[in-house]
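Have it open beside you while you go through the points.

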There are 2 protein chains.
Amino acid sequence: MTYAEQLSADQARIESSIAEYVDSLWPFGNLVESMSYSLLSGGKRIRPILTLASCRFCGGEVTKALSFACGLEMIHTYSLIHDDLPCMDDDDFRRGRPTNHRVYGQATAVLAGDALLTSAFEVLAKAPGLHTDQLVLAVRCLSEAAGPSGMVAGQILDMVATDRDSTFEQIQTIESLKTGKLIEAAVQLGCIAANVEGERMQALTIYAQKLGLAFQIQDDILDYDGDEAELGKPIGSDAANGKVTFVTLKGIVGCREMVRRLTEEAVEEIKQYEESGFLCWLAEMLAERKK
Amino acid sequence: MTYAEQLSADQARIESSIAEYVDSLWPFGNLVESMSYSLLSGGKRIRPILTLASCRFCGGEVTKALSFACGLEMIHTYSLIHDDLPCMDDDDFRRGRPTNHRVYGQATAVLAGDALLTSAFEVLAKAPGLHTDQLVLAVRCLSEAAGPSGMVAGQILDMVATDRDSTFEQIQTIESLKTGKLIEAAVQLGCIAANVEGERMQALTIYAQKLGLAFQIQDDILDYDGDEAELGKPIGSDAANGKVTFVTLKGIVGCREMVRRLTEEAVEEIKQYEESGFLCWLAEMLAERKK
């Protein structure tokens with residue numbers, strides 16, 4: 001199987017597992033429809049893919065990491081729904097479709113986000129085939145990464161950081177919380193599912209930090225000169241909002257160079273280990289992505 | 001110690017445990033301040049009180065239930081913050097103070113709610129002195145009660161139920177989800193902390209169902225003829241919103257009678273057991289409450 005085939009197979013696993021969860025819910029009002037709309041909207045599934053790949057890298061059975069991968073994607077999806085709300089970023093489009101609140105209204109969008117956030121922990125705590133020690137570690141890992149010392153902290157800092165004085169270090173701190181923490185959690189959840197700690201988990205965490213930062217810089221590059229049709233959203237929104245980004249601070253050439261360097265460092269961190277091929281390939285592929 | 005003294009002692013335990021959690025957080029932006037504002041706003045703490053009391057009723061050490069009690073109160077608090085948002089109930093006051101978004105703005109209020117919801121599961125999964133089996137049961141219990149088949153389902157149904165055709169059964173279904181599920185979870189978390197299942201947990205769950213419904217009917221009564229100063233919020237908001245409530249369906253006399261009957265049935269369910277005194281007293285007290 002090629003790495004590209006591996007990626008497709010893992011994506012298919014994740015899609016069907018998420019769809020299965022949604023189908024298991026009783027459709028009160030349009031809550032589940034609204035949850036599904038955002039959950040099953042053709043995202044790249046980078047985070048759950050990292051969870052499955054990390055589990056495999058650690059010698060674990062990938063099916064044991066599937067619930068953790070889905071719970072993580074539910075957290076990511078809730079954060080997008082709430083982030084798009086009029087009182088937050090006020091975005092009308094995501095992945096080429098109207099945002100959740102544009103379709104279902106703000107109240108339902110708030111509740112769909114709340115439901116996904118809550119369900120994420122239910123899915124983690126009910127992951128089949130694992131010891132309760134592993135389930136508890138997973139809940140701790142994801143709640144720390146997503147909560148007021150992780151992703152939500154990044155979002156609040158991002159909200160107040162629209163002034164022109166932000167430094168590179170400040171933007172990096174914001175992004176390491178807002179995007180980085182969940183990407184770190186992604187690889188750590190894979191390790192927990194494989195029951196592996198220690199050196200491999202540490203190497204993977206550094207890999208995830210480098211990859212997460214490269215991912216965010218690439219996002220800023222694409223917002224600056226990406227293809228609107230391919231991205232499924234208007235470009236230039238950062239500039240229009242007067243937002244300081246990696247591109248405004250380091251220029252487009254400087255950013256491309258950083259993505260390249262961070263990707264090399266991420267690969268460097270894990271390539272000494274057996275079974276690191278897919279994760280190295282994935283890092284390279286993300287650095288080249290156009291959407 | 002009298003039951004009233006017991007209640008005060010448990011309330012003090014809960015307050016200091018919640019304050020301790022908030023103090024442990026790094027204050028990114030005004031996120032933690034906004035979380036504290038709503039968490040430490042002098043609520044009645046009925047749900048966490050029920051958790052501690054149920055643990056004691058089951059012969060458990062009350063300190064072992066403290067983290068579960070706090071996590072539950074964090075879920076309750078997040079739901080109030082999101083419920084008060086302009087796109088939801090659009091309330092300006094709660095417990096005699098401006099609502100969270102009136103003080104911190106909508107974006108911060110959304111994020112403070114998200115942070116509390118996430119932290120609740122962190123607090124549960126880190127509860128000291130318990131086996132991981134118990135921690136997993138607690139996460140499952142609370143996520144089921146609060147998620148898209150529990151509290152959030154109740155909120156979505158409540159949103160669409162403003163028409164004049166709602167029946168008593170429909171309102172009861174909404175309330176059993178919106179308020180009842182968390183009250184059931186409250187007693188179940190106490191049982192889990194005490195490592196007790198079976199007959200006592202079942203009796204407590206029925207007690208909680210009766211008490212939860214009585215509690216909600218009493219809320220409707222107080223919204224109809226309560227004392228605004230004592231309640232800390234304007235009365236008559238249900239009527240002003242054209243909302244069908246237990247009072248519009250059964251009248252004030254009918255509602256008082258239902259509260260009385262449900263409270264008796266709740267007490268009946270548990271009074272045969274030793275150590276049920278406090279829980280019986282609490283049910284009676286809640287039926288008499290003026291705020």
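1. Start at L142(A). Skipping neighbours within four places in sequence, L142(A) is in contact with G71(A), L72(A), I75(A), A120(A), L124(A), A185(A) and L189(A). Contact here means that the C-beta atoms, placed from the backbone, lie within 7 Å. L142(A) and L142(B) touch the most other members of the largest nonpolar core, which has 181 residues. Such a core is a set of buried Ala, Val, Leu, Ile, Met, Phe, Trp, Tyr and Cys residues joined through C-beta atoms within 7 Å. A residue is buried if 20 or more other C-beta atoms (again placed from the backbone) lie within 10 Å of its own, exposed if 12 or fewer, and partly exposed in between.

2. Before you go on, a word on what this is: a predicted model, in which local features need pLDDT of at least 70 and side-chain atom pairs count only at pLDDT 80 or more, while totals for chains, interfaces and linings use all residues. Residues are numbered from 1 along each chain as its sequence is written, and chains are lettered from A and ligands numbered from 1 in the order in which they are written. The mean pLDDT (the predictor's confidence in each residue, from 0 to 100) is 94 for chain A, and 99% of its residues reach 70 or more. For the complex, the predictor gives an ipTM of 0.96 and a pTM of 0.96.

3. Now chain A as a whole. It has 14 helices and two strands, taken as DSSP runs (H or I, at least four residues, for helices; E, at least two, for strands) and numbered from the N terminus. Of its 291 residues, 52% count as buried. Look at contacts between residues at least 6 apart in sequence: 72% of them join residues at least 24 apart.

4. Chain B can be laid on chain A with an RMSD of 0.0 Å by a turn of 180 degrees and a shift of 0.0 Å along the axis. The two copies are thus related as by a two-fold rotation axis. The superposition is by least squares on the C-alpha atoms of residues with pLDDT of at least 70 in both.

5. How do they meet? The contact takes 44 residues from chain B and 44 from chain A. On the chain B side, α6(B) gives the largest share, 13 residues.

6. R45(B) has a positive phi of about 60 degrees although it is not a glycine; R45(B) sits in the loop between α2 and α3 of chain B and is buried, with 23 other C-beta atoms within 10 Å. N195(B) also has a positive phi, near 60 degrees, and lies in the loop between α9 and α10 of chain B. With 16 C-beta neighbours inside 10 Å, N195(B) counts as partly exposed.

Methods:
Two residues are in contact if their C-beta atoms, placed from the backbone, lie within 7 Å.
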